[in-house]
Amino acid sequence: MASMPEVDVAVVGAGVAGLAAALAFQAHGAEVFVVDASDRPGGVMRTDHVRGYVVERGPNTIEVKVPMLAVLRDQGLEDALRKAEPASKHRFILRDGVLVAAPSSPFSLLGTSLLGPGGKLRLLAEPLLPRRDASDESVSEFITRRLGRQVADRLVGPFLTGVYAGDERELGAEAVFGTLVDWERRLGSVLLGALAAAFSRRSERGLRGVYSTTEGLGPFARHLAERLHEPPALGATVRTLRREGTAWHLSVSTEAGGDTTLRAGRVVLAVPSLAAAALLRESDARVAELLEDIDYAPIVGVPLGVARSQLSHEVRGFGFLVPRETGEAAGMDLLGCLFMSQLFPGRAPADHELLQCILGGVRRRDIIDEPDDRIVERTLQDLDPVLGIGGEPAVLGVTRWPRAIPQPGRAHVRRMNEVGTRVGALPGLALAGSYVAGVGVADSFASGLRAAEDLVRPL
Ligand SMILES: Cc1cc2nc3c(=O)[nH]c(=O)nc-3n(C[C@H](O)[C@H](O)[C@H](O)COP(=O)(O)OP(=O)(O)OC[C@H]3O[C@@H](n4cnc5c(N)ncnc54)[C@H](O)[C@@H]3O)c2cc1C
């Protein structure tokens, strides 16, 4: 690695949050130096080619929200995006052993067989209910109070399994469904808010549907990194961060064994919360304590390749999720399965399907410690009754992420407000990443842009 320069801006972490922050600084003419401990940019965005399959190891699909879309357009990267096939809007929930279509819009809630007549009536009564303060409620409490238990357990719970690998009883309403909480606060009703949003201008929401690139999300991250004038320094771990005089001093260890110090006027920490806590302990022990307490869900990914002729059930649509109650009742470890080759044809050899099975989450934290063969065995045991797999599928590697997805609980918004105030008092420092304000790729990206915007003004 080249010797460490003295720079305007250091971005620690070349995941999507760090790359977004670096691109935003660069657009303002700042000199940016990005360091990452890993051997490639993209953080958890990783794609492998295995036996003719294109296998995601981290995120599988992304939403393209407005702030990200604007940057991709500026960087000439919008054309690299590939929208998932139209069938991807059909998502399924496992109920009583069969896959039931999940409602795809507020209007289709009334037609879904996932809710009984009582559940639908309860849902429709929502605008008549008095409003209350939801800031201390879990998602489950909030949704049950507003929309009824059936909606909470049968629709929202599985959705949160898909996004957070989390538990609706622990996740905080305000952190996870801030927009819905705000609709209740302002309009007195979540349903009225949803209706108003359905008729609002779509252009304000970014691209519709979910996306990747033809080659997957690892290459997408690489394309972003290639837009930087100075490539990220890889294999470089920031060990300490200290304010000295008017600059931040970062001590960096490189894989080659060299230690060096980087001086930067401004620093974005775009690393997971534990790493940020370790780096901030010296500057503000309270911030370190607050960040350290953020829980993450583990995820185990088991991609399987299977000949279509081996499947006795049709594989179509986005994939399916296993609701908590169904999973617990049946003793399942599987949280869900994405039909990746249906979303993005070309991800599997001809006449084959690529199934991305997800296990673990807060529901089965311990599975991450099981050996690969046991994990594969559990996956097939859970998957077989649903898809009817005859013969042996190709196991395309087991991926373990011990701290995959942050779990914003009831106190998360308060926690992050306190963190924001305290970090705001540290000159030239900002935080970005999936624990800051939303766990998806697009949210992490947006947090990187915001971090840069917060710091760029005084440049
Ligand atoms: C298995 C899995 C599946 C997911 N599925 C989806 C999905 O389908 N759709 C979606 O939108 N989101 C999904 N997510 C979430 C999304 O991928 C992440 O929220 C997002 O990519 C996080 O980006 P980040 O830049 O904040 O962090 P990361 O990608 O974690 O990047 C942080 C970087 O910081 C570096 N780093 C850490 N400490 C140091 C240090 N001290 N010095 C230098 N570098 C350091 C790391 O090496 C890493 O590269 C998924 C996440 C996982 C793990």
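Residues are numbered from 1 along each chain as its sequence is written. In this predicted model, local features need pLDDT of at least 70 and side-chain atom pairs count only at pLDDT 80 or more, while totals for chains, interfaces and linings use all residues.

Visitor: Which domains each give at least three residues to the shell around the ligand?
Guide: The domain assignment, whose bounds come from an automatic or database source, gives domain 1 (6-81 + 215-294 + 408-456), domain 2 (115-200) and domain 3 (297-406). The shell around the ligand draws at least three residues from each of domain 1 and domain 3.

Visitor: Which residues come nearest to the ligand?
Guide: A residue is near a molecule if its C-beta atom, placed from the backbone, lies within 6 Å of it. Of the 36 residues around the ligand, those that come nearest are Gly13, Gly15, Gly43, Pro59 and Gly440.

Visitor: How are H4 and H5 oriented to each other?
Guide: Helices are DSSP runs of H or I with at least four residues, numbered from the N terminus, and their axes are lines fitted to C-alpha atoms over the stretch in contact, with angles from 0 to 180 degrees between N-to-C directions. Helix H4 (residues 139-147) and helix H5 (residues 149-164) pack at about 140°, their axes 8 Å apart. Angles under 35 degrees count as roughly parallel, over 145 as roughly antiparallel, 65 to 115 as roughly perpendicular and the rest as oblique. H4 and H5 are therefore oblique.

Visitor: How many residues does domain 3 give to its contact with domain 2, and how far apart are the centres?
Guide: Taken over C-alpha atoms, the centres of domain 2 and domain 3 are separated by 28 Å. Where residues count as in contact if their C-beta atoms, placed from the backbone, lie within 7 Å, the contact takes 11 residues from domain 2, and from domain 3 it takes 15 residues.

Conventions: Helices (H or I, at least four residues) and strands (E, at least two) are DSSP runs, numbered from the N terminus. Two residues are in contact if their C-beta atoms, placed from the backbone, lie within 7 Å.
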